Amino acid sequence: MHVLLLKEAREGDSGLDPYIKELASHGHKATLIPVLSFKFVSLSILSDKIFQPDKHGGLIFTSPRAVEAVQLCIEARGKSEEWESSIKDKWNAKSVYVVGKATAALVQRLGLISQGEDTGTADVLSRFILQREDTNILPLFIPCGSIKREVLPNALRENGVPLETLTVYQTTRHPDLEKNLKNYFTEQGAPASIAFFSPSGVNFCFDVVRKLLGEHLSQIKFAAIGPTTAEAMAAKGLSVYCSAVKPTAEHLSAGIAKALQ
């Protein structure tokens with residue numbers, strides 16, 4: 001069956017996007033359509049903070065894009081040698097927290113040792129951090145996007161854990177989203193399942209998808225990468241047939257496969 005994944009492509013170990021690979025293993029053909037477009041901002045400020053690890057108690061990455069912003073800072077200023085020789089080790093002497101395997105994989109490429117990848121959501125990660133940090137540390141540093149939930153920062157602040165956030169990328173609707181969706185539906189027709197990967201993706205896509213599906217809307221098995229996205233979908237009146245237990249290709253694909261049985 002055809003499955004529409006509303007996300008950008010990311011290469012896995014095999015060169016294929018892991019979601020396409022996993023769904024294929026269940027006998028389904030997946031197509032990716034990117035929903036979001038990103039613009040990096042405040043990179044000079046980010047670079048200053050990343051290269052002064054002594055001023056912070058640790059790092060928190062809640063998205064792959066935030067890690068990519070740090071990578072850009074390392075490369076853009078020609079500081080790869082300094083990063084490799086001393087800075088990354090100073091960060092590794094502290095705590096580096098992540099949500100999800102995709103973010104953890106990118107953090108690993110920076111040479112950083114992370115923890116928390118199996119937490120899956122900001123809410124669970126906040127509890128994970130609170131078990132390990134106290135209130136007398138230097139601020140934890142969170143590079144983040146312009147569209148973000150305050151669950152994690154609020155939980156840490158309410159429990160007295162100092163932190164500092166910096167917006168390092170802005171999220172907007174992909175300029176070709178509507179065109180790409182129309183082309184897909186013209187060529188493929190309505191898929192058996194449609195998966196959303198973020199609340200902002202739901203907001204940017206919903207009206208176009210609803211219009212294109214028309215009377216088929218109620219027949220689609222809608223899937224969510226996690227509970228926050230599922231909530232955003234339900235708020236739009238969509239029936240969510242599966243929400244991944246963890247935000248991984250394996251868990252989401254298994255859920256979609258079960259829903260399509």
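Colleague: What sits over the ring of phenylalanine 197?
Modeller: The charged end of lysine 7, 5.8 Å from the ring centre. A charge sits over a ring here if NZ of Lys or CZ of Arg is within 6 Å of the ring centre and within 35 degrees of the ring normal. Keep in mind that this is a predicted model, where local features need pLDDT of at least 70, side-chain atom pairs count only at pLDDT 80 or more, and totals for chains, interfaces and linings use all residues. Residues are numbered from 1 along each chain as its sequence is written, and side-chain values use heavy atoms, with hydrogens and water left out.

Colleague: And which residue lies over the face of phenylalanine 128?
Modeller: That's arginine 132, at 3.5 Å from the ring centre.

Colleague: OK, rings with rings now. How many aromatic pairs are there?
Modeller: Six, counting rings of Phe, Tyr and Trp (its six-membered ring) whose centres lie within 6.5 Å; planes under 30 degrees apart are stacked, over 60 edge-to-face, and the rest tilted. One of them is phenylalanine 38 with tyrosine 169: the centres are 5.6 Å apart and the planes at 70°, so that pair is edge-to-face.

Colleague: Where do phenylalanine 38 and tyrosine 169 lie?
Modeller: Phenylalanine 38 is in strand E3 (residues 36-40) and tyrosine 169 in strand E7, so the pair ties together parts 131 residues apart in sequence. Helices (H or I, at least four residues) and strands (E, at least two) are DSSP runs, numbered from the N terminus.

Colleague: Is tyrosine 169 buried or exposed?
Modeller: Buried, at 8% relative accessibility, while phenylalanine 38 is partly exposed at 27%. Buried is under 20% relative accessible area, exposed over 50%, partly exposed in between (1.4 Å probe, protein chains only).

Colleague: What about phenylalanine 196 and phenylalanine 222?
Modeller: Their centres are 6.3 Å apart with planes at 25°, so they're stacked. Phenylalanine 196 comes from strand E8 (residues 193-196) and phenylalanine 222 from strand E9 (residues 221-224), 26 residues apart. Phenylalanine 196 is buried at 1%, and phenylalanine 222 is buried at 3%.

Colleague: Switching topic: how many residues has the largest nonpolar core?
Modeller: 25, and Leu46, Ile50 and Trp83 are among those with the most contacts inside it. A nonpolar core is a set of buried Ala, Val, Leu, Ile, Met, Phe, Trp, Tyr and Cys residues joined through side-chain atoms within 4.5 Å. H3 gives the largest share, six residues.

Colleague: What does isoleucine 50 touch?
Modeller: Leaving aside neighbours within four places in sequence, isoleucine 50 is in contact (heavy atoms within 4.5 Å) with Leu59, Val70, Trp83, Ile87, Trp91 and Phe141. Apart from that core lies another, of 24 residues, including Leu213 and Phe222.
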